[in-house]
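Trainee: Please take one part of this model and go through it closely. I would like the surroundings of a single side chain first, then the sheet beside it.

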Amino acid sequence: MTQKISFFSKKIIDHTLEFKVVGDLSSNNLSLILLHEGLGSVSMWKDVPEKIYDNTGYNVVTYSRAGYGKSSTVILPRPLDYMSIEAKKYLPEVVNQLHLKKYILIGHSDGGTIAALNSASVQSNDLKGIVLVAPHFFIEKFNIESIKKIRNKYEKEGLREKLSRYHDDVDNAFYGWCDTWLNPNFHSWDITDEIQNIKKPVCAIQGNTDPYGSVKQIEVLEKKLYVNVSKLILENCGHNPFFERTEQSIKYIKSFINEIENLKN
């Protein structure tokens, strides 16, 4: 399948964000919006967008949120409800400015949380479903401990240099995420009541050895939601199934999307 890939920057409210699109948005085809993790960016997806496009044939949109990648920086510290702000303020404007008429959100980690919050708050007929990969809905003690360890790796073990390949202002990206999660006032964060407002089809993927969240995050989806949740729990898989179980994850996502598309036929 021939790939058309474009890179561009666009002003979204008060920030300039970098975008990458695999496919042709002018085709009015279904678009898949990838929402990156708490330390992610357009470039950190590597070739995942191309692989998803090759397997599904649908447009794939990625963008770096403010403070990440080549997008503009943010003022630190971030507000503790930064994921809600992304979901309810910036993501709807991204959809609006790209003129997306039919789309599915695919979010990893923080991006999964943002996708869930957006779906719960923005009741749009253009949104057809959401894919949540290792999402967060409440704090688990061990994931805070994991973030303390990654801060040590960032400051003392060379992680800063590695991440600087993917972010123009790596300290803005790292501390904007890390300092929020390690803020004691954030440790009561819990959006499980909000997500019960999700009315769109949901696909959830979770590794059972993820150091940043357990399968309990997926179980709360099944408990709170009135819609059906298609779930894939991956054995011996950590935080990023897109890289640890690439083929299996994309195959499951493709099957979910096909089910949604078949519902309209």
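**A buried arginine and the sheet**

Mentor: R65 lies in the loop between β4 (59-63) and α2 (82-97); helices (H or I, at least four residues) and strands (E, at least two) are DSSP runs, numbered from the N terminus. The model is predicted, so local features need pLDDT of at least 70 and side-chain atom pairs count only at pLDDT 80 or more, while totals for chains, interfaces and linings use all residues. Residues are numbered from 1 along each chain as its sequence is written, and side-chain values use heavy atoms, with hydrogens and water left out.

R65 is buried and yet has no salt bridge. Buried means under 20% relative accessible area, with exposed over 50% and partly exposed in between (1.4 Å probe, protein chains only). A salt bridge is a side-chain nitrogen of Lys or Arg within 4 Å of a carboxyl oxygen of Asp or Glu. The nearest side chain of opposite charge to R65 is E86, 4.6 Å away; Lys and Arg count as positive and Asp and Glu as negative, while His and the chain ends are not counted. The R65 side chain does reach the backbone oxygen of H36, at 2.9 Å. Neighbours within four places in sequence aside, the residues in contact (heavy atoms within 4.5 Å) with R65 include L17, L35, E37, S71, D110 and I114.

Now the sheet. Eight strands form an open sheet with mixed pairing, in the order β1-β2-β4-β3-β5-β6-β7-β8; two strands pair if DSSP finds at least two bridges between them. β1 and β8 (229-234) stand at the edges with a single partner strand each, so one side of each has no neighbour in the sheet. From one strand to the next the twist averages 20°.

Strand β2 (residues 15-22) is largely enclosed by the rest of the structure, because seven of its eight residues are buried. Strand β1 (residues 5-12) pairs with β2 in the antiparallel sense over eight bridges, and S9 has E18 in β2 as its bridge partner. The two strands β1 and β2 form a hairpin with two residues between them, and I13 in the turn has a positive phi of about 60°. β2 also pairs with β4 in the antiparallel sense, over four bridges; there, V22 has V60 in β4 as its bridge partner.

Elsewhere in the sheet, strand β5 (residues 103-108) and strand β6 (residues 127-133) run parallel and are joined by six bridges, with I106 opposite V131 in β6.

Notes. A polar contact is a pair of N or O atoms within 3.5 Å; within protein, one must be able to donate a hydrogen and the other to accept it, and residues adjacent in sequence count only if both atoms are side-chain atoms. Axes are lines fitted to C-alpha atoms, for helices over the stretch in contact, and angles run from 0 to 180 degrees between N-to-C directions.
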